[in-house]
Amino acid sequence: MTVAPAAPAPAAPSAWELAGQLASFTPATGRARSQHFTGEMEAEVRINAAAAPYPALGPARVLPPGAAVVELHYPVGASEPVTLLAMVKRSAGYDPDGGDWEYLVLTPQGTSTHRGALPLCKRCHADAPHDRLFGWPR
């Protein structure tokens, strides 16, 4: 019997290695109500160059390792985000049953409060139609 490797355990809080690049991420959406946080926040999605195929993903498209998708969350009408949720595509084998995505919960300053193959994130994103991604906020 072959046993699949366990997903990496969530890591302790730390500075996100891509935080310094966030200003160069391309806006992929305008602001809209987020499906996260029971829809009480507005959000916008930003992507790095490796994630350029998002939001035009189709059922057969998969983003490459290094692709990062970040959703910035704002209280309604606020100008500054209060939290960020990110997904980073990792190399094959990082978390095969989770599409090899790492999930991060970040402060606006880019410190991760939670990161890894986070079970709650994985459970919801397993239902996403395109490489564990749902698309633009609705």
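Q: What sits over the ring of Tyr74?
A: The charged end of Arg31 does, at 3.8 Å from the ring centre. Bear in mind that this is a predicted model.

Q: OK, strands. Which strand pairs with β4, and over how many bridges?
A: Strand β4, residues 41-47, pairs with β5 over seven bridges, in the antiparallel sense. Within that pairing, Ala43 stands opposite His73 of β5.

Q: What joins β5 to β6?
A: Six bridges, with the two strands running antiparallel. β5 spans residues 68-75.

Q: Which residue of β6 is the bridge partner of His73?
A: Thr83. His73 therefore has Ala43 opposite it and Thr83 as its bridge partner in β6, while β5 itself is largely enclosed by the rest of the structure, since seven of its eight residues are buried.

Q: What stands opposite Leu84?
A: Leu72 stands opposite Leu84 of β6. Leu84 also stands opposite Leu106, a residue of β7.

Q: How do β6 and β7 pair, parallel or antiparallel?
A: Antiparallel, over six bridges.

Q: How many residues of β6 are buried?
A: Seven of its seven, which leaves the strand mostly covered.

Q: Which ones point which way?
A: Thr83, Leu85, Met87 and Lys89 point one way from β6. Leu84, Ala86 and Val88 point the other way, and the residues in both sets are buried.

Q: Why does Lys89 count as buried?
A: Because its relative accessible area is 6%, and buried means under 20%.

Q: Which backbone oxygen does the Lys89 side chain reach?
A: The backbone oxygen of Gly99, at 3.1 Å.

Q: Which side chain makes a polar contact with the side chain of Lys89?
A: The side chain of Asp131, at 2.8 Å.

Q: What else does Lys89 touch?
A: Leaving out residues up to four places away in sequence, Lys89 touches Val62, Leu63, Pro64, Pro65, Gly66, Ala67, Gly99, Asp100, Trp101 and Asp131.

Q: Where is Asp131, and is it buried or exposed?
A: Asp131 is in the segment after α1, the helix at 119-125. Asp131 is buried, with a relative accessible area of 13%.

Q: What does Asp131 touch?
A: Arg61, Val62, Leu63, Lys89 and Trp101, again without counting residues up to four places away in sequence. Val62, Leu63 and Trp101 are also among the residues that Lys89 touches.

Q: New topic. Where is Gly110?
A: In the loop between β7, residues 101-106, and β8, residues 111-116.

Q: Is that glycine buried or exposed?
A: Gly110 counts as buried, at 8% relative accessibility.

Q: Which residues is Gly110 in contact with?
A: Ser14, Ala15, Trp16 and Ala19, leaving aside neighbours within four places in sequence.

Definitions and conventions: Residues are numbered from 1 along each chain as its sequence is written. This is a predicted model: local features need pLDDT of at least 70, side-chain atom pairs count only at pLDDT 80 or more; totals for chains, interfaces and linings use all residues. Side-chain values use heavy atoms; hydrogens and water are left out. Buried means under 20% relative accessible area, exposed over 50%, partly exposed in between (1.4 Å probe, protein chains only). A polar contact is a pair of N or O atoms within 3.5 Å; within protein, one must be able to donate a hydrogen and the other to accept it, and residues adjacent in sequence count only if both atoms are side-chain atoms. Contact means heavy atoms within 4.5 Å. Helices (H or I, at least four residues) and strands (E, at least two) are DSSP runs, numbered from the N terminus. Two strands pair if DSSP finds at least two bridges between them. A charge sits over a ring if NZ of Lys or CZ of Arg is within 6 Å of the ring centre and within 35 degrees of the ring normal.
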